[in-house]
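We will go from stop to stop, and at each one I will tell you what to pick.

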Amino acid sequence: QVHLVESGGGLVQPGESLRLSCATSGFTFSNYVMNWYRQAPGKERELVAAITSAGNTTIYADSMKGRATISRDNAKNTLFLQMNKLEPEDTAVYYCHTEIWSGGSWHDYWGQGTQVTVSS
């Protein structure tokens, strides 16, 4: 069974940093693209960053370019998101996500989310 478990969220002041982690199990982590999404109150869930299976290609939302780094440790089946210079607008629940091919179709898997609150 696929499990995605986020950690590392919390309350920080503007300008500070956080490192989110997503521990995974139940699938071959190194075979799949991994994503971080976030959802702020009253807003739709949006893609923050994505990383290819080997970790050699990454993409970022315009709002996070230059402030976030997505990475992965395929030996430890873990995904990371380093966020710097956090702003109040970054306040949201952050989710780890992947799509896995099984039974002839793609299936979405989400973690439970970790709350990030940026406030002075």
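**Stop one: the open sheet**

Begin with the open sheet of 4 strands, whose order is 1-3-8-7 and whose pairing is antiparallel. Strands here are DSSP runs (E, at least two residues), numbered from the N terminus, and two of them pair if DSSP finds at least two bridges between them. Select strand 1 (3-7) and strand 7 (68-73): these are the edges, each with a single partner strand, so one side of each has no neighbour in the sheet. On average, neighbouring strands of this sheet are turned by 15° against each other, direction ignored; the angle is taken between lines fitted to C-alpha atoms, on a scale from 0 to 180 degrees between N-to-C directions.

Before going on, please note that this is a predicted model: local features need pLDDT of at least 70, side-chain atom pairs count only at pLDDT 80 or more, and totals for chains, interfaces and linings use all residues. Residues are numbered from 1 along each chain as its sequence is written, and side-chain values use heavy atoms, with hydrogens and water left out.

Now pick strand 3 (residues 18-25) and strand 8 (residues 78-83), which are joined in the antiparallel sense by 6 bridges. Ser21 has Phe80 of strand 8 as its bridge partner.

Select strand 4 (34-39) and strand 5 (46-51). They run antiparallel, joined by 5 bridges, and Arg38 stands opposite Glu46 in strand 5. The two strands form a hairpin with 6 residues between them, and Gly42 in the turn has a positive phi of about 75°.

Next, extend to strand 6 (residues 58-60), which pairs with strand 5 in the antiparallel sense over 3 bridges. Ala49 meets Tyr60 there as its bridge partner. This hairpin also has 6 residues between its strands, with Gly55 in the turn at a positive phi of about 80°.

**Stop three: the core**

Show side chains for Phe27, Met34, Trp36, Leu79, Leu81, Met83 and Tyr94, the residues with the most contacts inside the largest nonpolar core, which has 28 residues. Such a core is a set of buried Ala, Val, Leu, Ile, Met, Phe, Trp, Tyr and Cys residues joined through side-chain atoms within 4.5 Å; buried means under 20% relative accessible area, exposed over 50%, and partly exposed in between (1.4 Å probe, protein chains only). Strand 9 gives the largest share, 4 residues.

What is Phe27 in contact with, leaving aside its neighbours within four places in sequence? Its partners are Val2, His3, Leu4, Tyr32, Met34, Thr98 and Ile100, with contact meaning heavy atoms within 4.5 Å.

**Last stop: two loops**

Pick Asn77, in the loop between strand 7 and strand 8. Asn77 is not a glycine, yet its phi is positive, about 55°, and it is partly exposed at 29% relative accessible area. Finish at Lys85, in the loop between strand 8 and strand 9. Lys85 likewise has a positive phi, about 50°, without being a glycine, and it is exposed, with a relative accessible area of 58%.
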